[in-house]
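Good morning, and thank you for joining this meeting. I would ask you to look at the structure with me as I speak.

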Amino acid sequence: MPQSAETVLDHAPLFRQPEYKEMLANKKKMFECGVPDAQVAEQGEFTKTWEYREKNLAREALVVNPAKACQPLGAVFAAAGFEKTMSFVHGSQGCVAYYRSHLSRHFKEPCSAVSSSMTEDAAVFGGLNNMVDGLANTYSLYGPKMVAVSTTCMAEVIGDDLHSFIQTAKDKGSVPQSFDVPFAHTPAFVGSHVDGYDNMVKGILEHFWKDAAREPGASINIIPGFDGFCVGNNRELKRLLDLIGVDYTILGDASDQFDTPADGEFRMYDGGTRIEDVKAAINAKATLSLQKWNTRKTLDYAAGKGQETAAFHYPMGVQATDELLMKISALAGKPIPEAIRMERGRLVDAMADSQSWLHGKKYAIYGDPDFVQAMARFVMETGGEPIHCLATNGTKQWDEEMRAMLDASPFGRDAKVWAGKDLWHLRSLLFTEPVDMLIGNSYGKYLERDTGTPLLRLTFPVFDRHHHHRFPLWGYQGGLRVLTAILDKVFDKLDDDTIVPGETDYSFDLTR
């Protein structure tokens, strides 16, 4: 065998060795129905046709590789944005392992969350005892300042009442009566991670604001939304706000929690919005959401408390950043400083410099609704055409808003919006209506392999590339980074297509 103590092979070359090739061939022959390769190839070709596309788009009873996750994942992410907060998921251990691993694999950082460890008996008799014991263990072992409780399918199907369970746990001494335990019901069988984020943030605000009297002030609350690039984006946002001189509170800032330093000290908790600031945030003049489709319930709640509210769609690119900064400037009564105006001008200049390479390029974009909306708007600013815009968790209202935005631009006239569709649908779309570039997350690599469409990873989750999340996509500086990433992909593809000496290398140019 090729693997030995003297020669340790990584799995990529290991499974190309003769012994493993033989083993895999025997496995296929004995256990995989023995379908002839020609028949497999024939069916593979059929899946690339318009006939198959129509059948694929018509399916209703099956979902294949949806571009979304379940509600509790969003709740766990939301809790990570608050000071010394432990996320407590009322459900099974396996579910929580998924949320932790999903976030850890993306951020390359530990993600702390605990479970009430519900099993068969709790599924029958209810999970009260699990909640009582779980909260006691969490409080004593991990020393949090707050525990944010969410739910999985199991707890929701049997109807566990979080409010009464938490109060019972307090009465039994699991945690002090005054200890903060906000909660949100986050059934995983409806909605998606963006709804779980919304429910958890609303639950935290409601916990602190429900009995508080509001004394209107001049500060501005900003809710970033579920964002796999929060490390870079939140820091860029704060830099811009500090340049303007705004009095603000970021409600849910996970930028430090998912970017702790390697200095010999383990930080289970780091950064996050201070609890005292959350309490004081009821007095803000306004609450702004940077992702409308992530925060609908939360914004309604803030508006019900008398605050002015406004929602944006992932402020990436020139126009989107303009709109956000002008709104903040108007609310704060402060002008946008010259330093920021210069950043805007540099982004516009860079876009103009590269316009000839991007004009007319066609894109397929998928991900969360706000990201897809922002990305489509950005590529149209560069003269690109967003042909396919897909959000598995997109709603009818998102579909209508997207169509209105696309119809307002000549670059959006051929665009199609696909709300509720999945990545197997997108595969059919890419074969029948090809594009120049695919923009999404790591799950698109299988579409890139099948269809040959270059993939640009710009949204959560990014598992197979490292550290992208540490750099911003928001603001003018973030827009410059997105522009550069798109151009790099365009030029890499051009180099690949012109690399054969004497055949295609007549355009293998040093200068582009």
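This is a predicted model: local features need pLDDT of at least 70, side-chain atom pairs count only at pLDDT 80 or more; totals for chains, interfaces and linings use all residues.

Let us begin with His-102, which is in contact (heavy atoms within 4.5 Å) with Leu-73, Tyr-443, Phe-460, Pro-461 and Phe-463, leaving aside its neighbours within four places in sequence. His-102 lies in helix H6, residues 93-107; helices are DSSP runs of H or I with at least four residues, strands are runs of E with at least two, and both are numbered from the N terminus. With a relative accessibility of 8%, His-102 counts as buried. Buried means under 20% relative accessible area, exposed means over 50%, and partly exposed lies in between, with a 1.4 Å probe and protein chains only.

Residues are numbered from 1 along each chain as its sequence is written, and side-chain values use heavy atoms, with hydrogens and water left out.

Next, Ala-284. This residue is found in the loop between helix H13 (275-280) and strand S6 (286-289), and at 0% relative accessibility Ala-284 is buried. Not counting residues up to four places away in sequence, Ala-284 touches Arg-214, Gly-217, Ser-219, Asn-221 and Gln-307. Ala-284 and Glu-215 are 69 residues apart in sequence, and their C-alpha atoms are 8.3 Å apart in space.

I turn now to the nonpolar cores, meaning sets of buried Ala, Val, Leu, Ile, Met, Phe, Trp, Tyr and Cys residues joined through side-chain atoms within 4.5 Å. The largest has 59 residues, and those touching the most other members are Met-316, Ile-365, Phe-371, Met-375, Met-402, Ile-439 and Ile-486. Beyond four places in sequence, Ile-486 touches Leu-358, Tyr-363, Met-375, Phe-378, Val-379, Met-437 and Leu-456. A second, separate core has 42 residues, including Val-201, Leu-205, Phe-208 and Ala-254.

Finally, the cysteines. How many disulfides are there, taking a disulfide as a pair of cysteine sulfur atoms within 2.5 Å? The count comes to zero. Cys-70 is in no disulfide, and the nearest cysteine sulfur, that of Cys-153, is 6.7 Å away. Cys-70 is buried, at 17% relative accessible area, whereas Cys-153 is partly exposed, at 31%.

Conventions. A disulfide is a pair of cysteine sulfur atoms within 2.5 Å.
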